[in-house]
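Take a look at the chain below before you read on.

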Amino acid sequence: MYLKFRYLVFLFVLIISVTIKSYAQNNNFGQDTDRNNNLSENNDTVSVNDTATTIPKNNNLIDIKVVYNATDSISLSSDSKKVFLYNKAKIEYGDIILEADYIEYDQENNYVFARGVEDTLGNIHGKPKFTEKGSEFAAKTIKYNFKTKKGYIEDVFTEEEQGFLHSEQTKKLKDNSFLLHNGKYTTCENEEHPHFYLKMSKAKVIPNDKIISGFSYLVMGDVPMPLGVPFGFFPSQSSFSSGVIIPKYGEEKKRGFFLQDGGYYFGISDKMDLSVTGDIFSKGSWGTDFKFRFKKRYKFSSNFNFSYGEFIQSEEGLPDYSKNKDMRIQWTHAQDPRANPNSKFSASVNYSTSSYDEFNSKTPEQRATNTKQSSISYGKNWPGSPFHLNMNLKHSQNSNTNNVTLNLPILTFNMDRKNPFRSKNSTGDTKWYEDIEVQYNSKLENKITTADSLLFTETTFSDFENGFQHSIPISTNFKILQYFNLSPRLEYTGNLYPDYVEYTSDTVRDPVTGKLYMDIDTVMHNEIKYAHLIEPSISLSVGPNIYGMYQFKNPNSNLIAIRHVITPSASITYRPDLGSLVDQYYGSYYTDTLFTKSSEREYSYFENGIYRFPGAPGESGNINFGLNNNLEMKVRDSNDTTGVGTKKIKLLESFKISTSYNIFADSLNWNAISINGRTSMFKNKLSFNFGATIDPYALNESGNGIYNEFQWNTSEGGIGRLERIDLTVDVKLKSKKGDKEDNKNEQQNAPGLDERFSSLGDTELQNIQNQVVSYVDFEVPWSLSTTYKFLYTKTGLEASKKITQTLSLTGDLSLTKNWKISFRANYDLVLNELSSTSINIHRELHCWEATFSWIPVGYMQSYNFQINVKGSTLRDFLKYDKRESWQDNL
């Protein structure tokens, strides 16, 4: 049933294509193509065969100079009318070039005959090669008339847009088209014996346009197959043109038989094109895609995609029936930097309904996507000026929570850091005041977060959060006692709010129980308020390097020395109490009827605003501590033949401990202790990353809060509560050949690669990714990558403890030159189950290829087997696939 279905689709598309395109153009299609060909123009006739040539002498002059040469010899006939060229002979006539080991040129009749030369072993060398206007073909013999531009060719072989043509007998017409007899069309590169081909009784070839054939049938391994068509059409255009996009076909359990990604391509111009494709399933589901591309050289490139799909499950009236309507919009726009160096417009839009990826994805990677982001931006700067203007429209959505966040717009106007007191022509040491820096930053924002189902239905402008903020920081830096950095800073900040909140509290008696309770009232004032302050601050920091070295005295030891670098760091920051400058923007209320100090809550009038007020009541200050360690070893280089070469080995790239102390907090002054480290070994084949968080304070009895008591003072003891441990171990192994290839690629890394793809949209990038996946590298025999991750968290009592451990494995193995296996697996060591596992097998079959992909577990469980030809012309026709879609798991 599969073969019948595919055969009917193939035949139907071919008939439609030929009918639409150019069947009417094939006027000479039925002419005889035997060896006695008529190469005529008007009354000039040339009878071409192996022994005789007859051309009337009238109107036989040509207006283009004929240039010929040969490496062996050039001879003339007795009447000097014919020229014989031997060994690597070449004749040039305008844009026509003919090369062969033997050429016979009739100067009077403007006729040439070319063939190869047979050696003593019977092998033919120097077969003719004919080139005209970019078209090139090779043959056994060529007979050609320069004046009529007609010819006769035996055993021709030529390439036509990723396909190859063979023909026993061929007639070349004046318009540079060809009539073929007993021809073959294939995408196999084997010139003498192609592994497969379409046998054509007769055909017409229009170079860089199309190939039209009569009855054709498939031949595989020189064995005719019972698959044929009454006529065929094969496009071979190198430039853009409109045409039918052949659909893919197959079957799914839930959606039935399908035709997918079929439609029509509109080649509008060399700057823009449009493709309209669709998917249709026998059980009612369908979808459509519109893809528009527009590129103006040295100006911009733009891509717009719109997709719509309806996923229908079961049948209407049944309890499990469902119908989902989804859409997706993608738009990318990239401006060429040369278009306008002082302004830039770019766009990257990716929006869809929340269930689009679940029901309409065509790849597992797309199905696993649950977040999307968009950005449209415009930037402007003024030459010779430090000012910059930027406007952004941003969007983000999460399909798991169905929430959408929009920023419409974010407008910024900034000034670069300037030194107002520094002279342009100053010489010598700078004065302290010349290092004073001034900036200006401003931001206007309008933002909303809501459910995607409410975005365009129940939301209004009043639901947006908005505001304006600007600041002028003034700062400088001093070096004190060679090691200390003193950084004073003075910053003016002003915020504009469209509203503010005020809380009031009062005691109220319950009319039923008679008990008093605190009634808290929230009042929103829809008034524009401008809040500002000048905030001074100062910080002092130090971070010297302390070196320790241990040298080994044994001259025969490979170990020379171990070096330990310790980098202690400390900094202190302080901000004074700004009094009424801050207090005027804060209020307070009580949460219980006793009006105790502990029940008083302080709040900012602007706590619900898009920008929090930058200052807080009272003074503030922090002391930050850090200690970083680096450990290296110097050894003798075993690859150095002189015996004096050395190399460094990193034992510990970084091991850092840090914490901070709040000077003015009334309790819990110490923050958690953070520990982080990393190192790598064996030329980065083995790497470690680890971290930990330790809270010095103990928990209360309920475990839901921390009280002002150090852990080491409690009965449990210890330096603190271990809240988090994380460890990642990476192992990356490759064969020696793979390592050499990596080093070569690093040295020959092509510059500007990112720029080449920066203007592409998500669809084009996805196509490139698919091409990268479909390309299989058989040069690297094997590679293996393993990652182990461990995470321990405990923020409260024993019940809050959580441990996760995962092990991931990826790699590939080339069993032979033509066999390759790649795999990816993730294993949860806590749940003892596999997740995100896939196995891919690729078999190289010269002009064919076979692939098998399998996802054995999870909601993406599926498999796909396909064998097909490589050439793009026949790839969608000559293939067999068997699969079970992950869509059937929905």
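The mean pLDDT of the chain is 82, and 85% of the residues reach 70 or more. The score pLDDT is the predictor's confidence in each residue, from 0 to 100. This is a predicted model, where local features need pLDDT of at least 70, side-chain atom pairs count only at pLDDT 80 or more, and totals for chains, interfaces and linings use all residues. Residues are numbered from 1 along each chain as its sequence is written, and side-chain values use heavy atoms, with hydrogens and water left out.

**Confidence along the chain**

Strand β25 (residues 286-296) has the highest mean pLDDT among the elements, 95. Strand β2 (residues 53-54) has the lowest, 31. Helices (H or I, at least four residues) and strands (E, at least two) are DSSP runs, numbered from the N terminus.

Over residues 1-60, pLDDT stays under 50. The model has 113 contacts beyond four places in sequence for these residues. Over residues 746-775, pLDDT also stays under 50. Here the model has 24 contacts beyond four places in sequence. A contact means heavy atoms within 4.5 Å. Where pLDDT is low, the predicted coordinates should not be read in detail.

**Overall make-up**

The chain has seven helices and 56 strands. Of its 890 residues, 35% are buried. Buried means under 20% relative accessible area, exposed means over 50%, and partly exposed lies in between (1.4 Å probe, protein chains only). Take the contacts in the chain with a separation of 6 or more: residues 24 or more positions apart account for 51% of them.

The accessible surface comes to about 51300 Å². Carbon and sulfur atoms hold 54% of that surface. Accessible areas come from the Shrake-Rupley method with a 1.4 Å probe; for residues, only the protein chains shown count as cover.

**Salt bridges**

How many salt bridges does a search of the whole structure find? The search finds 26. A salt bridge is a side-chain nitrogen of Lys or Arg within 4 Å of a carboxyl oxygen of Asp or Glu.

| Glu 132 | Lys 172 | 3.3 Å |

Start with the bridge between Glu 132 and Lys 172. Glu 132 lies in strand β10 (residues 129-132) and Lys 172 in strand β14 (residues 164-172), so the pair ties together parts that are 40 residues apart in sequence. Glu 132 is buried, at 5% relative accessibility. Lys 172 is buried too, at 1%.

Asp 261 is in strand β23 (residues 256-266) and Lys 248 in strand β22 (residues 248-252), 13 residues apart. Asp 261 is partly exposed, at 22%. Lys 248 is also partly exposed, at 34%.

Salt bridges that share partners join Glu 252, Arg 255 and Arg 883 into one network. Both Glu 252 and Arg 255 are buried.

**Cysteines**

A search of the whole structure finds zero disulfides. A disulfide is a pair of cysteine sulfur atoms within 2.5 Å. Cys 188 is buried, with a relative accessible area of 0%. Cys 847 is buried as well, at 4%.

**A nonpolar patch**

A nonpolar surface patch covers about 840 Å². Its residues include Ile 480, Tyr 483, Phe 484, Leu 540, Tyr 574 and Ile 663. Patches are made of residues with over 30% relative accessible area and no salt bridge: like charges are joined within 9 Å, nonpolar side chains (Val, Leu, Ile, Met, Phe, Trp, Tyr) within 5 Å.

Strands β38 (529-542) and β40 (559-575) each supply at least two residues of this patch. Ile 663 sits in the loop between β44 (646-662) and β45 (673-681). At 32% relative accessibility, Ile 663 counts as partly exposed.

**One loop**

Where does Pro 420 lie? Pro 420 is in the loop between β31 (403-418) and β32 (437-451). Beyond its neighbours within four places in sequence, Pro 420 is in contact with Ile 436 and Val 438. Pro 420 and Val 438 are 18 residues apart along the chain, and their C-alpha atoms are separated by 7.3 Å.
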